[in-house]
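Trainee: I would like to learn how to read a few features of a protein model. Can we go through them one at a time?

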There are 2 protein chains.
Amino acid sequence: MAFPAVEEPPPPPAVLLIRRRLDAAFDAALRQRYRVLDFSASGEPLQDFLANAAALPDPPRAAVVVGGFAARVDAAFLDVAPSLAFVFSTGAGVDHIDLRECARRGVAVANSGTVYSADVADHAVGMLIDVLRRVSAAERFVRGGLWPAAQGEYPLGTKLGGKSVGIIGLGNIGSLIAKSVHDLAAESDVLVVACALNKDTRHIVNKDVLEALGKDGIIINISRGANVDEKELIRALKEGRITGAGLDVFENEPKVPAELFSMDNVVMMNHVAVFTSESRSHVLDTTISNLEAFFSWEPLLTLVLPW
Amino acid sequence: MAFPAVEEPPPPPAVLLIRRRLDAAFDAALRQRYRVLDFSASGEPLQDFLANAAALPDPPRAAVVVGGFAARVDAAFLDVAPSLAFVFSTGAGVDHIDLRECARRGVAVANSGTVYSADVADHAVGMLIDVLRRVSAAERFVRGGLWPAAQGEYPLGTKLGGKSVGIIGLGNIGSLIAKSVHDLAAESDVLVVACALNKDTRHIVNKDVLEALGKDGIIINISRGANVDEKELIRALKEGRITGAGLDVFENEPKVPAELFSMDNVVMMNHVAVFTSESRSHVLDTTISNLEAFFSWEPLLTLVLPW
């Protein structure tokens, strides 16, 4: 009589990791649980990398996409990765993922949920205080050694208290709602752009909205650069038709229009509103929890509702 | 029978104006009500200017002192201005006024009261977010055109939420209380220095307090430079014994120690925490109200309690 066969534990499931840069801690945590197919480490063109992964005996059913720089998850991507059933975006925004195409093919999409919310909100407040109270401008002045030789009046800032703040943050805004943005701008001193980028919100802050915001108005953009018509923003800043701007994001990152470099009423950052060591560790937890849920056939924790 | 003599309106009272720079709006408002004896416009050395004013038939009973750069109101000052009975400081701090000497001679002192409180508090928050979230550092990075060529990991910021903030703001702190500052530092992530500068608070943030604050600690100074031992602060920053600092004030303004210029974890400003157009207009109102009260023998509105 044969002994019952000792079952080997099943091999860990394969996960595609699509991102531009290495992150040792994130990597190590993923590798502890999954067979990670790492695009940036492969050195291959994306299409080849995906095709090779799809040809494996156990092709990947899940992908983790870090940031929007490495790849767009669109029809071309999904065509060569037919085994995919789940895409997790470590970012809050999913503008690099074609949700319609994912939905059509039954690919679930989840994102980082509220992991970054408090950090990004803090950042918006920080940039607002900076623009109003000229923090970065004063910093340049002092660091440039200009203070001892200063002549005449140093430019005054503007009080924070009493300002009305309008927030464009309705998620997926239909074109019908664009009218409200104009009205919101007209009633606000400060317009915070916090909405998702999609075809309805691209350039939602356009020439008309800037006009409605008016010459005492301030734009804070902590969403995606393309939510604001950058050319019109620069024109409005140049001509004094708005007061200032705090920009964490730009239309063609990491390229920043050179005209902004000489503007003292603009605070610019390199898309770091989400960058804290706390959020870095929190997003890793959220990534793992969603993957665990997916591979256990349980509901995803931070599902993105498509369009 | 003679007609009763028509009384001429009394001439407006004389007011000394002691400051370094002109401020047209402030000047005009004072001149509407008073005979302004303007030190900075006189071109005279301070002692001569005061002696000439004292020799007038109607010598000044009140002085308005703007900022601490122009003059110290001390025994030497008061000796040549014996007619003075009231000194108004347009600043919140009165460290340039010898309160003990004023009290001894029966000279009342008032300051700007709470005019700047909200602006300075906003500024402290702005600098704190800046230090934690590296706003100015990212600004330099982007403005310097370094973003497109960036390699490797960009340094993470630190989350604002959950930080404990200790505020040194007890006004005139006795030396006995200095022990509490050490304990406050030990229990805080962020130490905001907001107290008056006097002999008890000079270097209240010293080597021991920095040590107690610890290597994750942040100093925000929006009071006076000399409340912090600047040499020890620089040493602690250099050696990584604290995390960062937001400094609106320095020990030898407008001179800033050059060692700070290369530190990315320091946010520096040119003593502008009070500088908003709103506070500028508000302080003018407060100056006039106090002068009106003084010349009408009414209680001063924002009396400074001496030591």
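Trainee: Where is His203(B) found?

Mentor: Helices and strands here are DSSP runs, numbered from the N terminus; a helix is H or I with at least four residues, and a strand is E with at least two. His203(B) sits in the loop between β7 (190–193) and α9 (207–213) of chain B. Before we go on, note that this is a predicted model, in which local features need pLDDT of at least 70, side-chain atom pairs count only at pLDDT 80 or more, and totals for chains, interfaces and linings use all residues. Residues are numbered from 1 along each chain as its sequence is written, chains are lettered from A and ligands numbered from 1 in the order in which they are written, and side-chain values use heavy atoms, with hydrogens and water left out.

Trainee: What is the phi of His203(B)?

Mentor: Phi of His203(B) is near 55 degrees, a positive value in a residue other than glycine. In chain A, His203(A) has a positive phi of about 55 degrees, although His203(A) is not a glycine. His203(A) lies in the loop between β7 (190–193) and α9 (207–213) of chain A.

Trainee: How does His203(B) count by relative accessibility: buried, exposed or partly exposed?

Mentor: Buried means under 20% relative accessible area, exposed means over 50%, and partly exposed is in between, with a 1.4 Å probe and protein chains only. His203(B), at 21% relative accessibility, therefore counts as partly exposed. Ser42(B) is partly exposed too, with a relative accessible area of 29%, and lies in helix α2 (residues 39–42) of chain B. Thr201(A) is buried, with a relative accessible area of 0%; Thr201(A) lies in the loop between β7 and α9 of chain A.

Trainee: How far apart in space are Ser42(B) and Lys199(B)?

Mentor: Sequence separation and spatial separation are given side by side. Ser42(B) and Lys199(B) are 157 residues apart in sequence and, C-alpha to C-alpha, 33 Å apart in space. For Thr201(A) and Ile168(A), 33 residues apart along the chain, the C-alpha atoms are separated by 9.8 Å.

Trainee: Which peptide bond is cis, with omega near 0 degrees, in chain A?

Mentor: The bond from Glu253(A) to Pro254(A) is cis, with omega near 0 degrees. Pro254(A) is placed in the loop between β9 (244–247) and β10 (266–268) of chain A. In chain B, a cis peptide bond joins Glu253(B) and Pro254(B), with omega about 0 degrees. Pro254(B) is in the loop between β9 (244–247) and β10 (266–268) of chain B.

Trainee: What rotation superposes chain B on chain A?

Mentor: Copies are superposed by least squares on the C-alpha atoms of residues with pLDDT of at least 70 in both. Here a rotation of 180 degrees with 0.0 Å of shift along its axis does it, with RMSD 0.0 Å. The two copies are thus related as by a two-fold rotation axis. Of the interface residues of chain B, 100% are also interface residues in chain A, so the copies meet through the same surface.

Trainee: At what angle do helix α6 of chain A and helix α6 of chain B pack?

Mentor: Axes are lines fitted to C-alpha atoms, for helices over the stretch in contact, and angles run from 0 to 180 degrees between N-to-C directions. Helix α6 (residues 117–133) of chain A and helix α6 (residues 117–133) of chain B pack at about 125 degrees, with their axes 9 Å apart. That makes α6(A) oblique to α6(B). Angles under 35 degrees count as roughly parallel, over 145 as roughly antiparallel, 65 to 115 as roughly perpendicular and the rest as oblique. Contact means heavy atoms within 4.5 Å, and the residues making this one include His123(A) and Ile129(A) of α6(A) and His123(B) and Ile129(B) of α6(B).

Trainee: How do the axes of α7 of chain A and α7 of chain B cross?

Mentor: The axes of helix α7 (residues 135–143) of chain A and helix α7 (residues 135–143) of chain B come within 10 Å and cross at roughly 75 degrees. α7(A) and α7(B) are therefore roughly perpendicular to each other.
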